[in-house]
Amino acid sequence: MATGISSLQYASTGSGEEEGTWTYRVQGFDSSTNLTTAWSPTSQPVKIDKTPPTPPTASPDRAPDYAGGGGFYKDTVTVSFSEASDPLLSDGSSGSGINPASISSPQTFTTDASHTAQGTEADNVGNLSSPASLTVQVDASAPTVEISCPATTPVGSKASATVSASDGQSGLASNPSGSVAINTSKAGPQTIQRTATDNVGHQTTTTCTTEVLSTKVITGHVKGKLIVKKGEAVQLTQTAVANAIEVLEGGSLDVEGATTKTITAIKAGVMRICGASTGAVKVQRSSGSVTIGDGSGCAGSNIKSATVYTNHDGVSVVANTIAATAKVQGNGGGTTVQSNTIAANLTVLGNAAPTVDKPNTVGGASKLQ
């Protein structure tokens, strides 16, 4: 029977056993008789694992919603960590394996910023990996859009709104920034609306309204010639009655059902004649639009004769009854002459595209483009 055994266990000090897989056996020795026993059977394999596992794999829950700029996620993204490998030990044997409970939990990001997710894992003997890192960018906010426009502006003026859009994260897919002309062809509110869309799909829409005003509104009888001066925007209502009307350079006129004898304009701004009863109308070299009926908001008029030429910003002559000739020549910006009843000749020539000159009822000859 063995007696005097000094210890029933052995602790590795690390000085003798390097990392790897080891087996052990023991031998007894009796110093009083100087006898040595045979070797014991070999122990089960024992691993000495000093190597940390590989960092886990970090993965986002989807591909970026916008691939540009390093990639951006709309509103939220979750980064998860999955088991990586446990390296072989230095003697080529397998390590202790990954402890699944040690893998870092998923991390969710929901705010505008560049976020870095970090996670680790440990093996079954507690060696901790270096952190795995993954940087993700989140765009959780809509872009900003600002529109600045004048509160009021005269009919025929050259007014514009200024639009400024920006996005601090993924950037703009559609950028409405710039200057936008305000339609001043008639009195009333004019609203500019613009929308910006960022690269992950957020949208912002902003509006700005300008009241387009006539500087003078005439409702009764006008004695003598009515002269519309530069910078003036005169409106004649349905109850107005005027003799000759002369619109000087830079002036604008809006006739809404009034009765006049003649209307002459040279280098005027906006000219609008709707539902009127008037003598000859002659408009030359207007810088703004010329509307003598448009088939919708501006009714046709009863006119003795009509001449419109060398205008630069669009001409509409629609649904009028013209007792003599009608000439629409040399205009730019689009020309529409249709649904008119003309007693004598109709000439529509030299106008820039697009030009619509049919159908009309013409008592004389027609010269059309």
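1. Hairpin of strands 2 and 3. In this predicted model, Asn34 takes a positive phi near 60° in the hairpin of strand 2 and strand 3. Four residues lie between the two strands. Strand 2 covers residues 27-30 and strand 3 covers residues 35-39. Their pairing is antiparallel and runs over three bridges. Gln27 has Trp39 of strand 3 as its bridge partner.

2. Sheet 5-7-8. Three strands form an open sheet in the order 5-7-8, with antiparallel pairing. Strand 5 (57-60) and strand 8 (107-109) stand at the edges. Each has a single partner strand, so one side of each is left without a neighbour in the sheet. From one strand to the next, the twist averages 20°.

3. Strand 7 spans residues 77-82 and pairs with strand 5 in the antiparallel sense. Four bridges join strand 5 and strand 7. For Thr57, the bridge partner in strand 7 is Ser82.

4. Sheet 6-10-9. Another open sheet of three strands has the order 6-10-9. Its pairing is mixed. Strand 6 (73-74) and strand 9 (113-119) are the edge strands, and each pairs on one side only. Strand 6 and strand 10 (residues 132-139) run parallel, joined by two bridges. Within strand 10, Asp139 is the bridge partner of Lys74. As background, strands of a sheet pair through backbone hydrogen bonds, either parallel or antiparallel.

5. Disulfide count and pattern. How many disulfides does a search of the whole structure find? The search finds two. With bonded cysteines counted along the chain, the pattern is 1-2, 3-4. In general, a disulfide is a covalent bond between the sulfur atoms of two cysteines.

6. Cys149 to Cys208. A disulfide joins these two residues, with an S to S distance of 1.9 Å. The pair links distant parts of the chain, 59 residues apart. Cys149 sits in the loop between strand 11 (144-148) and strand 12 (152-154). Cys208 belongs to strand 17 (residues 203-213). The angle about the S-S bond is -90°, and the link of Cys149 and Cys208 is left-handed. Both Cys149 and Cys208 are buried.

7. Cys274 to Cys298. The sulfur atoms of Cys274 and Cys298 are 1.9 Å apart and form a disulfide. The link of Cys274 and Cys298 is left-handed, with -105° about the S-S bond.

8. Burial at Cys274 and Cys298. Are these two cysteines buried or exposed? Cys274 has a relative accessible area of 3%, so Cys274 is buried. Cys298 has 1% relative accessibility and therefore counts as buried. The cut-off for buried is under 20% relative accessible area.

9. Ser214. Where is Ser214 found? Ser214 is in the loop between strand 17 and strand 18 (216-218). Its relative accessible area is 17%, so Ser214 is buried. Which residues does Ser214 touch, not counting residues up to four places away in sequence? Ser214 touches Val155, Ala187, Ala233 and Gln235.

Technical notes:
Residues numbered from 1 in each chain as written. Predicted model: local features only at pLDDT ≥ 70, side-chain atom pairs only at ≥ 80, totals over all residues. Heavy atoms only, no water. Disulfide = S-S within 2.5 Å. Buried < 20%, exposed > 50% of the residue type's maximum accessible area, 1.4 Å probe, protein only. Pairing = 2+ DSSP bridges. Axes fitted to C-alpha atoms, helices over the stretch in contact; angles between N-to-C directions. Contact = heavy atoms within 4.5 Å.
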